[in-house]
Each structure stands twice: as C-alpha cells, then as structure tokens.
Amino acid sequence: MARTTAVHAADVVVVGAGPAGSSAAWHLAGAGLDVALLEKAEFPREKVCGDGLTPRGVKALHDMGVDTAGAGWVRRRGLRVHGGGRIAEVDWPRLASWPDHGLVRTRRELDALLAGHARSAGAHLVTGTTVTEPLLDEGGQVIGVRGELGDREPVTWRAPLVVSAEGLSGRLAKGLGLLRRTDRPLGVALRGYVRSRRSDDDYLDIAFDLTADGPSRETMPGYGWIFGMGDGTANVGYGLLDTRRGTGADRRSVLRRWLDLFPAEEGLGEEDAVGPLRGAGLPMALSRGPAYTRGLLLAGDAAGTVNPCNGEGISAALESGRMAAETAVAALRQPAGAAREAVLQRYPDRLRAELGRHHRLGLGFLALLARPAVVRLAMARGLRRPAVTDAALRVMGNLSDGRDGDVVDRALAVLLRLTPAT
C-alpha cells in the first residue's frame, strides 16, 4: 500500500539549517512569518570547516542577538601569518564597524546553536527531512518542496517562497536548471582535529609556506591553518582555493608534509589526531545564479558566497541568509503577481552589490596565489611592514569603515567602487 503523503504549509520554507538557513529562518520568524526550517540531519552533526569566525562573522552573530560571551565561545585576537620565510602576528583591525576579535567554535556546536536560536524565535525546525525536489505549479513556479522523513515517509511542504540553504549540492537549484558556473573558482578544504598545545593560542595560524622551501606550484593557490579550539585540540587543515589551478597533488599529503615541519611537541602529528580527516567543497564568487528564480532564493554555499580571498564562508552565509529573509519579508507584503516578483528580482542584484565587488578582488588574489614566486616575494617584504599586513587583513576579511574610516579604509572604498561586481 502506498504511503499517504503528509502535507504541511508555511509562509516560507527554508531548506538547510546551517548558518545561512538558520540566519534566514531567524530573521523570517522575527518578522512574524510562519517559517519551516528543514534539515536532513539530526543535531549535533559534523560539518567540514576551519571553525573560525572573522570579525565580520562575529558581527553577524551579534546582529542576530547571539550571546558570544558565554561558555563554548573562544576569542582569538588575530592571525599568525607564515609566508616568504617570515612569520608575523597580526591583530584583527580595530574599526568602528566591526568587533576587534574573531571566534572559534566547532561547527558541530555552532550549527546546532544557530538552529536552536532560529527555533527560539519561532521557526518550526524539522530535522531528519531530506528534501528531494521543488514542488511546482502548472506554470513552473516553486510553491514548496517534496521530501522524505527519516523512515522514507513522503512529505510535502507548501509555501509561496522557498529559500535554498542546502550548501554545495543545491538540489533545488539544480531542479530548476541552476548549475554551478565552472568559470568561477571551486575550492576544497581538508580538515582534522589534533590534541595540541596550540589549543589555547591567541592567534590563528595561516601558512602559505607549506613546504620547507616556501610556496610551491604543488600547494598554491591555497594555505594551511592551525586554529586552537580552546578545549585541548586544534583544527588543522589545508584549503586549495581554486581547483581549476590545482596540479592534482594529493591534498592529504600536502597537509601531512606541512604539519611534519613542526616539532613533535607541538602535537600536530598523525599520532595526535582525534578522528579522521574530512573534506568538503568551497563554492566561491557567487558561482550559482541567478540567486532568485521562480519562487526560489539561494543563500550561503547554495549561491556560492564563500569569500575567494580566504575561503571563509560563515560570515557570508549569515549575511546572505539575512538578505534572503529581508527580501522574502518585503515580497510577501506585496500582493502575489508582478509587484511581489519585482521585489524578488532585486535579490541577486543586492547580493552582487554587497558581496560581488569584494569577490572580484578575491579572484585577483587567487591569480596572485597561483604564482609561488610572487607570493614568496610579497610575503617576505609585506610581513615586515605592520601597515601593509593590517591593510591586507582588511582586504582579505572584507573589513572596513568605508569612507568614514582612515586613509586605508578610504582607499579600499575607492578600490571597491571601481571594481566591477562578479
């Protein structure tokens, strides 16, 4: 006997309860909408990530009312950059618009916390639900999603708008013919945890010198990281930021050989590992679009919002979730039809306006990283000059007070204004 399909309804369905989806659901629920937040896994669950939040990500959390001063949150004051045979400790910029610190927290904890935060705002969190395809009306407009519960029981959620925060897979987007652009970079991250004395380090290590001889064609464009988690462990990893330029080198071997350069007492060896290495893709530079079509809005990795400058995706996920929610709220205030559609059609332009120019700069940064000799020279000279390293950190982290800031911020504002969006 065929199973009866359970049918539910909401004002907006959000698919995926990572940072983008939980951000969207929190903002939607806060605006008084009935929102269903669907997640295929059960919390807590693993997610491959460096587990670090830049000041931009910290601000996005604060804007959502997340208390980052309590237990489980670990502050980090800046980066320790290894490059060109030099090492420099660089504090996060002290700016009026952004916090002066970063944070670390495992995605296993962070994602569960954010999903719970969305639920506390009124979102209906439904875990163990695998969304399989968009639900379309006769005209091809998205009016919900179809899926399966954990025991393969069919379920349908109906809503006038759907937000896809599914990550790289983007099943709903693919169902509408929205494929990832292959002319945009796709990075890949490999990470694991080790028991390390660097666990309580105030600085997050970022290394472009991944061999004893410095940057190489085998390891670029990419970097290694060591992020102390404050619990006796460190998150260690390697990110190749543009697989189109990769040499085919074994990324596990790159990571292992780099970590083997450190003394054994640092606790970064294979014998110090806590669990296996895991990998994931990093969709960058708004690589799937348009970010709105036919009732479906894309946010986070589903839209390819990872920062090409540094491979960081949490802050853009949180921000794009907010932008998707604000667009949906404004659209649903309009009657169905042309007026509502006009509001929705502006969402891709808003993403490009707020993220696209910085992403274009990031593409240039990747082209630089693909030339090891240039990286070696730039690092060897730049890391000697605090003003240069501070400016570079602002660019990489998309941190600036704009035209209201100092001379560096004003120069960056001009540069961004002259840079075309991706």
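At what angle do helix 10 and helix 11 pack, and how far apart are their axes? The legends below describe close-up views of a predicted model.

**View 1. Packing of helix 10 against helix 11.** Two packed helices are described by the angle between their axes and the distance between the axes. Here helix 10 spans residues 386-397 and helix 11 spans residues 407-418; the angle is about 40° and the axes are 11 Å apart. Helix 10 is therefore oblique to helix 11. The crossing of helix 10 past helix 11 is right-handed.

**View 2. Residues in the contact of helix 10 with helix 11.** Helix 10 contributes Ala 391, Arg 394 and Val 395. From helix 11 come Val 408, Asp 409 and Leu 412. By class, the residues of this contact are four nonpolar and two charged, with no polar residue.

**View 3. Salt bridge between Asp 111 and Arg 107.** Side chains of opposite charge can pair when their charged atoms come close. The closest N and O atoms of Asp 111 and Arg 107 are 2.8 Å apart. Both residues belong to helix 3 (residues 107-120), where they are four residues apart, about one turn of the helix. Are the two partners buried or exposed? Asp 111 has 1% relative accessibility and so counts as buried. Arg 107 is also buried, because its relative accessible area is 7%, under the 20% limit.

**View 4. Salt bridge between Arg 245 and Asp 242.** The N to O distance between these side chains is 3.2 Å. Asp 242 has a relative accessible area of 1% and is therefore buried. Arg 245, with a relative accessible area of 37%, is partly exposed.

**View 5. Salt bridge between Arg 256 and Asp 260.** The side chains of Arg 256 and Asp 260 meet at 3.5 Å, N to O. Arg 256 counts as buried because its relative accessibility is 19%, and the buried class holds values under 20%. Asp 260 is exposed, with a relative accessible area of 52%; the exposed class holds values over 50%.

**View 6. A network of salt bridges with shared partners.** For the model as a whole, the count comes to 30 salt bridges.

Notes. Residues are numbered from 1 along each chain as its sequence is written. This is a predicted model: local features need pLDDT of at least 70, side-chain atom pairs count only at pLDDT 80 or more; totals for chains, interfaces and linings use all residues. Side-chain values use heavy atoms; hydrogens and water are left out. Axes are lines fitted to C-alpha atoms, for helices over the stretch in contact, and angles run from 0 to 180 degrees between N-to-C directions. Helices (H or I, at least four residues) and strands (E, at least two) are DSSP runs, numbered from the N terminus. Angles under 35 degrees count as roughly parallel, over 145 as roughly antiparallel, 65 to 115 as roughly perpendicular and the rest as oblique. A crossing is left-handed if the near helix is turned anticlockwise from the far one by less than a right angle, and right-handed if clockwise. Contact means heavy atoms within 4.5 Å. Ala, Val, Leu, Ile, Met, Phe, Trp, Tyr, Cys and Pro count as nonpolar, Asp, Glu, Lys and Arg as charged, and the others, Gly among them, as polar. A salt bridge is a side-chain nitrogen of Lys or Arg within 4 Å of a carboxyl oxygen of Asp or Glu. Buried means under 20% relative accessible area, exposed over 50%, partly exposed in between (1.4 Å probe, protein chains only).
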